[in-house]
Amino acid sequence: VDKIDFLYLDTGDVTPIESTAQLHLREAKIIIEKNLMSENGIILIDDVRNIQSKKQDPSEYGKAKYSIPYFEENGYKIIKDEYQVVLIKK
């Protein structure tokens, strides 16, 4: 079965945060539960540190406030943590 080597997540709008963050988490769960990423798979999440998000929610991760911790709990580590966040399998 072919797996994903590079996944770009740019789910939903940056506002409102909560509905997009929940959608982001659902997608993260699908990725993990179905084991879609290759062994050296890279996930890039866009719009993490967006100014509009910060105005509405104190979370460091904006619309990815649930998905990033979920990925980390499931074997991923952050290798780039800026406006965009890049994760790889540990």
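Trainee: What pattern does the chain follow, read along the sequence?
Mentor: Keep in mind that this is a predicted model, where local features need pLDDT of at least 70, side-chain atom pairs count only at pLDDT 80 or more, and totals for chains, interfaces and linings use all residues. Residues are numbered from 1 along each chain as its sequence is written, and side-chain values use heavy atoms, with hydrogens and water left out. Helices (H or I, at least four residues) and strands (E, at least two) are DSSP runs, numbered from the N terminus. There are 3 helices and 4 strands, and along the sequence they give β-α-β-α-α-β-β.

Trainee: What radius of gyration does the chain have?
Mentor: That radius is taken over C-alpha atoms, and the globule rule is 2.2 Å times the number of residues to the power 0.38. For 90 residues, the rule puts a compact globule near 12 Å, and the chain agrees, at 12 Å.

Trainee: Is Ile-31 buried or exposed?
Mentor: Ile-31 sits in helix H1. Buried means under 20% relative accessible area, exposed over 50%, and partly exposed in between (1.4 Å probe, protein chains only). Ile-31 has 8%, so count it as buried.

Trainee: Which residues is Ile-31 in contact with, leaving aside neighbours within four places in sequence?
Mentor: Contact means heavy atoms within 4.5 Å. By that rule, the partners of Ile-31 are Leu-7, Leu-9, Leu-36, Met-37 and Phe-71.

Trainee: How far apart are the centres of the positive and negative side chains?
Mentor: Lys and Arg count as positive and Asp and Glu as negative, while His and the chain ends are not counted. Each charge is placed at NZ of Lys, CZ of Arg, CG of Asp or CD of Glu. With 13 positive and 16 negative side chains, the two centres are separated by 3 Å.
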